Amino acid sequence: MNLKKVDMEVGGLLNDNVRKLESIFPSVIKDGEVDFEELKELLGDFKEVDKEKYEMNWVGKKEAKKIALTPLYGKTLKYIEGDGKNEGSTENLYIEGDNLEVLKLLQNSYYGKVKMIYIDPPYNTGNDFIYNDNFKVNKNEIEILEEDKNEYGERLIKNQKSESYYHSRWMSMMYSRLIVSKNLLSEDGLIFISIDDNEVDNLRKVGNEVFGENNFIGKFIKQSKVGGGSDSKHIAREHEYVLIYSKNFELSPEMFESFDENYLKRYKEIDKNGRYFWDTFSRPGLKNPIKYEIEAPDGSMIKGEWIRSKKRFEQEYKDGIIRIIKKNNGDWSVQFKQYLNNHGKKPRSMTSDFGGTIEGKKEMNDIFKNDKIFSYPKSKKFISKLMQFINISDGDIVLDFFSGSATTAHSIMQLNAEDNGNRKYIMVQLPEVIEEKSEAYKAGYKNICEIGKERIRRAGDKILEENKDKEGIENLDIGFKVFRVENSNIRWKNQIEDGQIRYDLDGKNIDDIDFVPGTKDIDVVYEILLRHYGIPLTAKIEILDFIGKRTYAIQDSIIVCLETQITKDIVDKISELDPIKVIFRDSAFGEDISLKQNSVHRLNLLIEKKNKNTTHVVEFI
């Protein structure tokens, strides 16, 4: 009998990539490994490996890719009970920790589930680029790094502009995170990335490599502030950029912006097809104009550079969509009905209507009564517009893994309040320590996460108060559950002994054998949840006290039995639940392998007897 163990790794993109490769080229996977010679033959066996090709490269790129594709061992997301809000009913998440680790830990639960990602990563100006140092840096390639630590003892790095490989380090940081985050996007999902002049060119190249140049949607040039001439020697920079990539261009949603009253004023007339105005059929200066002559009512010929073919002109002229009228100066004018698009108008690539730093600071002041709590916060208007452009709606998940002051969460709650929606968010933020001389520290906040969580709490209450008379406002989800990246709670039996926890029964009680001292059952349950596809961290978890005090159900389908002894009664009761998976502790069976085999055999028989078509799995930790 094969007694399967729970996988120790999580977020393993390599295995997923091998499965994808096998689906395309089955013959290249042999005994679970890739036969690269076979693959090269199927791809044409190009042997000129030294031949130059167009590609983007930098110091550390290979290592960054390796880090992105390496499964995560020995880490988990620990539920911080009581640190959130409305924790029993909310579907929103706030996660503290290095975002690369978080993205890996979310792979199973949210693979292909995120409709929109928005990130405002460090702009790499020389003083704002800080990240968790998980890179294996070659001392011959990169200088000794300046050391700092956050309050959890994790080593952080500040990327100084004076250092060598200044751009390379930033690109490696972004490259690995974008690789992993791409898997979380739904097939019709989009990612929006804010950036400034320092790294916009490099970000475009990195984005093209990760998402594919054909999936580049476009770039907004956004006015972020007014003035600021003293910040620059030559040009007063008032703008920043937003780069947009799709997961799959063919499936990506069209982008539309809602109409304002000034825009609608043009569409003064109406017919059976909707509102319209008469627009000119001629477009001088077109790159590829369509040239032909049109006969006027008086028989004269009108020459022009037209926007549509002659065949289409003739049909639409017949249908009354195109008209030819004489202007006051006696010339003929060819015009067509420009209809109002009911979905909205296309957003413009250059805009000052996104809201900038001034609006962001005002919103922070409304919440904290202090506009210096957070530097350069994004505005709610900006995030809301991005969501509206692609029609983020009920049930859609928005991820922000550089969440900062949590503007994205605030924007989602506000938008949900306006249209009674149920959009959900996942905020991820490194708990970067706040400088003691800052206004935020003086106000009692020790790290950025504390600011973000408090903003969500206060903003939710404020939205409820402002909309207290609105129908359905009581259903607004203003809550969130907090998780934090921590070391694994489980003493994995198959861990490598070198540098890892050794499995030793001598003088240990059963919990010390299986779990790290101080571990709560719920910590283990969530760690197991992370290893299952499609089950969100907000899934229902309940104690099955009719079985035992330490038996749990995840989403009514996965039974996690942490009882210290497995009895016939426990096995019988679990079988009645018709689970798709049951997980036991190895140590609950002691050294009696026959007890384990007999228990599994009995469980299988009872479940199959109840439901002959059921498929279930039994695993052990």
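Is helix α16 (residues 521–529) mostly covered or mostly open, and how many of its nine residues are buried? Helix α16 is mostly covered, with eight of its nine residues buried; here buried means under 20% relative accessible area, exposed means over 50%, and partly exposed lies in between, with a 1.4 Å probe and protein chains only. The buried residues of α16 are D521, D523, V524, V525, Y526, E527, I528 and L529.

Before we go further, a word on what you are looking at. This is a predicted model, in which local features need pLDDT of at least 70 and side-chain atom pairs count only at pLDDT 80 or more, while totals for chains, interfaces and linings use all residues. Residues are numbered from 1 along each chain as its sequence is written, and side-chain values use heavy atoms, leaving out hydrogens and water.

The protein chain has 621 residues, and buried residues make up 50% of them. Its secondary structure comes to 18 helices and 27 strands; helices (H or I, at least four residues) and strands (E, at least two) are DSSP runs, numbered from the N terminus. Contact means heavy atoms within 4.5 Å. Among contacts between residues at least 6 apart in sequence, 71% join residues at least 24 apart.

How confident is the predictor? pLDDT is its confidence in each residue, from 0 to 100. The mean pLDDT of the chain is 86, and 85% of the residues reach 70 or more. Over residues 133–149, though, the pLDDT is below 50, and this stretch has 39 contacts in the model beyond near neighbours in sequence. Residues 496–507 also stay under 50, and the model has nine contacts for them beyond four places in sequence. Where pLDDT is low, the predicted coordinates should not be read in detail.

Now step inside. A nonpolar core is a set of buried Ala, Val, Leu, Ile, Met, Phe, Trp, Tyr and Cys residues joined through side-chain atoms within 4.5 Å. The largest such core has 73 residues, of which I95, L178 and L537 touch the most other members. Helix α6 (residues 166–182) gives the most to this core, with eight residues. Leaving aside neighbours within four places in sequence, L178 is in contact with I119, I191, I193, L203, V206, V210 and F211. Apart from this core lies another, of 46 residues, and I244, F368, F374 and M427 are among them. In soluble globular proteins, nonpolar side chains tend to be buried together.

Aromatic rings come next. Rings of Phe, Tyr and Trp (its six-membered ring) pair if their centres lie within 6.5 Å; planes under 30 degrees apart count as stacked, over 60 as edge-to-face and the rest as tilted. The structure holds 28 aromatic pairs. One of them, formed by Y79 and F483, is tilted, at 5.5 Å centre to centre with 35° between the planes. Y79 lies in strand β4 (residues 75–79) and F483 in strand β22 (residues 481–487), so this pair ties together parts that are 404 residues apart in sequence. Both Y79 and F483 are buried. F354 and F382 form an edge-to-face pair, at 5.2 Å centre to centre and 70° between the planes. The relative accessible area is 2% for F354 and 0% for F382.

Rings can also meet a charge: a charge sits over a ring if NZ of Lys or CZ of Arg is within 6 Å of the ring centre and within 35 degrees of the ring normal. The charged end of K446 sits over the ring of Y441, 5.1 Å from its centre, and K596 lies over the face of F620, at 4.7 Å from the ring centre.

Let us finish with the strands, where two count as paired if DSSP finds at least two bridges between them. Strands β15 (residues 290–295) and β16 (residues 301–306) run antiparallel, joined by six bridges, with Y292 opposite G304. They form a hairpin with five residues between them, and G299 in the turn has a positive phi of about 95°. Elsewhere, six strands form an open sheet of mixed pairing, in the order β1-β27-β26-β25-β24-β23. Its edge strands are β1 (4–5) and β23 (541–543). Within this sheet order, strand β25 (residues 558–561) runs parallel to β26, with three bridges.

Terms used:
pLDDT is the predictor's confidence in each residue, from 0 to 100.
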